[in-house]
Amino acid sequence: MNASLMRVGYGVKECKHFLFSGSMLVGMTEQAGRTRQRRRGEELEAALLEAAWAELVDVGFARLTMESVAARAKTGVAVLYRRWPRKDDLVLGAIQHYGATHPVEIPDTGSLRGDMIAMLSGFSNVRVSFAAVVSAAFSGLLASSGLTPAQVREKLIADRPLWSLEIYRRAGERGEIDLDRIPPIVLSMPFDLMRHDMLMTYKPIPEERVLEIVDDLFMPLIAAASRKP
């Protein structure tokens, strides 16, 4: 029994009631705090996706389980299943979340050529580890989801803005290119080549390779497409 309470005139019965009520109050406060935490839907979902990404990096797709992600996130597995019914749904969500929350800085050098060189160089340096993790998970996603490679790729980049669009928009405003005349395949080509090289080597793209893509392929195609007939 708390001696300090006895000294101020509380009897045994009153002390027990006081302590019991205090314990209930603490318990109710802690429960309210947990309830408030659960109500933060976006914050909780982000924490779960970050835990799933960390698990994917550490153990890979094959060894990742809903239980291991829940343990890392310090939550119950039912919390995961309410949001992502299947493991591949969770992994796709984790990859999308990581890509969206770790954007590549868009350069502004004042010229299309300078922007493309800076963009490809920066993209490969920042994204090489990301590409390695995604590539390692790709076969598992295909087998688990039953989707085609094109469908998996579409899900991975869905709703994510293409960084190149801002570069091309500014180049159009400067009069360097006419976006209405350039085929989309030409605009996407530098990034497609860069992704291919990264997935083949799991290393940043060398500077000389970036210059080859921009100076030997991209800029000549841009010039050819921009010429008036």
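A: Begin with the term on which the first reading rests: a contact means heavy atoms within 4.5 Å. The model shown here is predicted. In the protein chain, among contacts with a separation of 6 or more, 66% are accounted for by residues 24 or more positions apart.

Q: Which secondary structure elements does the protein chain have, and in what pattern?

A: The protein chain has 11 helices and 0 strands. Along the sequence the pattern reads α-α-α-α-α-α-α-α-α-α-α.

Q: What percentage of the residues counts as buried, and what area does the chain expose?

A: The cut-off for buried is a relative accessible area under 20%. Of the 229 residues in the protein chain, 34% count as buried. The chain exposes about 13,700 Å², of which carbon and sulfur atoms supply 59%.

Q: How is the packing of two helices described?

A: Two packed helices are described by the angle between their axes and the distance between those axes. Take helix α3 (residues 41-63) and helix α6 (residues 87-101): they pack at an angle of about 105°, with axes 8 Å apart. Angles of 65 to 115 degrees count as roughly perpendicular, and α3 is therefore roughly perpendicular to α6.

Q: Which residues meet where α3 packs with α6?

A: From α3, the residues include Ala46, Leu49, Glu50, Trp53, Leu56 and Phe61. From α6, they include Lys87, Asp88, Leu90, Val91, Ile95, His97 and Tyr98. The residues of this contact of α3 with α6 divide into 12 nonpolar, 2 polar and 3 charged.

Q: How do α3 and α7 cross?

A: The axes of α3 and α7 come within 10 Å and cross at roughly 75°. This angle makes α3 roughly perpendicular to α7. On the α3 side the contact is made by Trp53, Leu56, Val57 and Phe61; on the α7 side, by Phe130, Val133, Ala137, Gly140, Leu141 and Ser144. The residues of the contact of α3 with α7 divide into 8 nonpolar, 2 polar and no charged.

Q: Which side chains make polar contacts with the side chain of Asp88?

A: The side chain of Asp88 makes a polar contact of 3.0 Å with the side chain of Arg86. Another polar contact, of 2.9 Å, joins the side chains of Asp88 and Ser144.

Q: Where is Ser145 placed, and what does its side chain reach?

A: Ser145 is in helix α7 (residues 112-145). Its relative accessible area is 18%, so Ser145 is buried. The side chain of Ser145 reaches the backbone oxygen of Leu141 at 2.6 Å and the backbone nitrogen of Leu147 at 3.2 Å. Not counting residues up to four places away in sequence, Ser145 touches Arg86, Asp88 and Val152.

Note on methods
Residues numbered from 1 in each chain as written. Predicted model: local features only at pLDDT ≥ 70, side-chain atom pairs only at ≥ 80, totals over all residues. Heavy atoms only, no water. Axes fitted to C-alpha atoms, helices over the stretch in contact; angles between N-to-C directions. Helix = DSSP H or I, 4+ residues; strand = E, 2+ residues; numbered from the N terminus. Parallel < 35°, antiparallel > 145°, perpendicular 65-115°, else oblique. Nonpolar A, V, L, I, M, F, W, Y, C, P; charged D, E, K, R; others polar. Polar contact = N/O pair within 3.5 Å; in protein donor to acceptor, adjacent residues only side chain to side chain. Buried < 20%, exposed > 50% of the residue type's maximum accessible area, 1.4 Å probe, protein only. Areas by Shrake-Rupley, 256 points an atom, 1.4 Å probe, with all protein chains shown as cover.
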